[in-house]
Amino acid sequence: MKLKSILILIVSYALLVSCYSIRLKVSNGQAEPADTEREDALSGLMVREMDTIVKVKLTTDESPINIRDCDSGALHTIEYKNTFGGILLYLITFGRKRVVKVKYVCLKDPN
Amino acid sequence: MARTSITARTRWDTLHKNGPFPLKWFISTKLERKGDMPDPIDRYNDAAKEIMKLIKNARDAGDGFRALGSKWSMSSIAHQKDRMHFNALMNLKFNISSGDLHSNTTYDHKNLFFLQCGNQIKEISKFLEDQGKSLKTTGASNGQTIAGCISTGVHGSALDVGSVQDYVVGINLITGFGANDNLYIERHSKPALSDSFAATINARVIRNDGLFNAVLVGLGSMGYIHGVVIEAEDRFLLKRYVRKIKKETALKLATTLDFKNSEFKIPGETDAQGNALRPYHYKVFINPYNDQDEYAIEAIYKKPYDPDYKNKFGDPIPFMKEFVYRDLIYLLIKISEKFPKVIPKFIEALNGAILPKEDKVVVGKLSEIFWDAGYQGRAFACSFGVDHKDSAKALNVLADLAKNEGPIPGIYAMRFIKRSEGLLAFSKFPITCMIEIDGIQWDGSQHIISLEKFATRMIEVLKAENIPFTIHWGKNADWNFPGLAVHMYGNNVKQWKDIRNTLLSQEMAKVFTNDFLRSVKLDDFTPPTDTGLIDNLIT
C-alpha cells in the first residue's frame, strides 16, 4: 500500500512538472548580447525570465503582460514553457490562474 | 553620459568555454539614451570620452584594460586579467556623405559606412541591406563584433575577397586619455575620408600605410578600436551547392584553384565554352579517420541580386537551419548526435562515419547563407594557414598526426582566403588555405593525447616538413611555442612591434598588454629610433 502511494506521488509529480517548450525567434534581427556563462542555446545573449502565476479578472482578461525592459522596444526570442501542472491549474480555476514561464531576449537596440 | 557598470568578478570565459580565466573587473558601457542626446555623433563622442576615462582609471590603478566584443575567440586573445570592457552595446552606424570624402579618394561614398566597435556582423548586414548594400564577406557565422573581427582576422572562404579586415578603410583608434590620443588612421596610398570628418569625431588624422596595416590586425593591443570605416558593395546573391567529389579532385583544386580546367563541374556554373566557373567560395570537409574516396565540398557562386529570389528559389533560412555543412563544429556536433557521448567511443565511431550527403541547392543573401551559428557547446578549434599550393601536403601531415598520435574528437576542413595587407594577418600567402580542426573539448588521459600536446605537435610536424604556416589568432594553439611569431611572420614582427612602441607610450603599452601578447612575445617595449613610423604622410 505504502509503495503504491509512493508510486502515485512520483507519477503525479512527474505529470505536473512534465513540460514542453517552444522557442520563437526573429530570423533577421540581432539579439541583445550579454557576457554570461550560460551553456544553452541562449548563451551569449541577455536572457530575461518571467516565472509567475497571473490572476486574470473578467476586466483584465485581454490585458497583456507588459515587457518594459527592451531598449529597442522589440523582442528577438521568446521561449514559452507549458507544464501539465499549469494546464491543470488553468482548468481547476476556470482560467482565472495561469502559469507563465517565459524566457525572452530583446532585439538589440540598433542605435 | 554613456552608462558604464563595473562588476567585481573572479573569472571570465569565452563563448565556447575555453577557460575559465581570472578577472578582477568586468566593465560594460551602454550609450547615452537617444532622448537625452539625440545627435548620434554626440553620442559617439560621448562614448569616446567614456573610453578615455576608463583607460585613465586602468592606468591610475596600474591595471591592464582590454576591449571585449562577442567573446567568440577560443584563444585567450580577448582576455585581460585586470579589466575587460564589454563594448557590444556600443553600436552606432553612420552613412558617409560625398562631403565627408577626402579630395583624392577613389571610394564611392555610397559604399562607405562608419561603424562603432560593438556592431555585430548580423546587425551590420541588416543595416546595409536596408540600403541595398552588402558586406563583401563574413566568417561562417554572424555574431562577432566588427572590432573583434578585424583584431583577430575573422575570415570566410571567399577566394578572391579576403578577410573582414580587408574591407576596412579607416580606423578610429584611442591610444590613451590625452587630447592627442584619439586618432583617425587611413592608408596614405588610399585615403577615404576628409580631415573635416575626422574633426567631427575629435580625432587627429594619420594617413600612413605602415601604421594602418599594423593596426589592421592589432590583436587588441594597439589601443582601443572605437570605430571603423568599411567599404561595402551592392547587394548580391549567393548560390550554394554541396557535392561529394573525388578526394584527388578536391585536393587538386585546393592546390591549384584552377577551376577552369578541373573535372569538377556543376551544371549551370560553366562559361560559354563549358568550362567550370571559379566559385566565390570553396570549402572542403574531411574526416581524417575515415579513408574515404570522396570529400564533401561546398561551392558557392556569386549572382546578381534578384528581388524575387525567395519566390524563385525558396526562403534559404529554413534550409540553412537544417544543413549540416555550415561551420565545422556544427557538422561535428550533428555527426556526434548519432554516436556515443563517451569520447573514446565517439572517436571510434568516427572511423566509420561517412560524411552525409546534402543535395539541396539554396540561393540567398550573404547574411542568409552565413547565418546564425548559435551556441554549440564546449568546443575547440585549431586553424593553420598555409600557402594553398602546400594545402594537400599540410592536410596530409596534420591528418596523419591525428591518426598516428591521436585520435582526437574533431574533424578537418579547408577554407581559402586572399592575401591581407595586415602585417600580422594570418592570411599572408597570395591565397591562404586555412586548415581547420574543430571538435568537442575532451580531457587528456593516458588513452587520448591532450589538446595542449596535440597543439604543440601540430606546430612541430609542420616545421619538420618545412611547410611555412600561420595560426588563426582566435583559435586554440600552443601560443607559448618558442619563436612562434617570428617563425610565422619574420620581419613583420619587428615592424609591428616598432610601430606599436612608437604609437603607444610605455605606460599605455602596458595597459594594452595581456598574457596572450606576452605568450607570443609581442609585448616587449623598446622605443624604435625611427620615430617617423607613424607620421602623417599626406594631408
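Tutor: Start with a term. A residue is called buried if 20 or more other C-beta atoms lie within 10 Å of its own. Keep in mind that the model is predicted. In chain B, buried residues make up 52% of the 539 residues.

Now the setting. Chain B holds 17 helices and 22 strands. Its C-alpha atoms fill a box of roughly 65 × 55 × 45 Å along the principal axes. With 539 residues, a compact globule would have a radius of gyration near 24 Å, and the 23 Å of chain B agrees with that. Contacts reach across the sequence too. Take those in chain B between residues at least 6 apart: 73% of them join residues at least 24 apart.

Next, the sheet itself. Four strands of chain B form an open sheet, in the order S1-S4-S6-S5. The pairing is mixed. Find the edges: they are strand S1 (3–8) and strand S5 (65–68) of chain B. Each has a single partner strand, so one side of each is left without a neighbour in the sheet. Neighbouring strands of this sheet are turned against each other by 25 degrees on average, direction ignored.

Go inside the sheet now. Strand S4 of chain B covers residues 25–30, and strand S6 of chain B covers residues 83–86. S4 and S6 pair in the parallel sense, over four bridges. Pick out one position there: Ser28(B) stands opposite Phe86(B) in S6(B).

Methods: Residues are numbered from 1 along each chain as its sequence is written. Chains are lettered from A and ligands numbered from 1 in the order in which they are written. This is a predicted model: local features need pLDDT of at least 70, side-chain atom pairs count only at pLDDT 80 or more; totals for chains, interfaces and linings use all residues. Helices (H or I, at least four residues) and strands (E, at least two) are DSSP runs, numbered from the N terminus. The radius of gyration is taken over C-alpha atoms; the globule rule is 2.2 Å times the number of residues to the power 0.38. A residue is buried if 20 or more other C-beta atoms lie within 10 Å of its own, exposed if 12 or fewer, and partly exposed in between; C-beta atoms are placed from the backbone. Two residues are in contact if their C-beta atoms, placed from the backbone, lie within 7 Å. Two strands pair if DSSP finds at least two bridges between them. Axes are lines fitted to C-alpha atoms, for helices over the stretch in contact, and angles run from 0 to 180 degrees between N-to-C directions.
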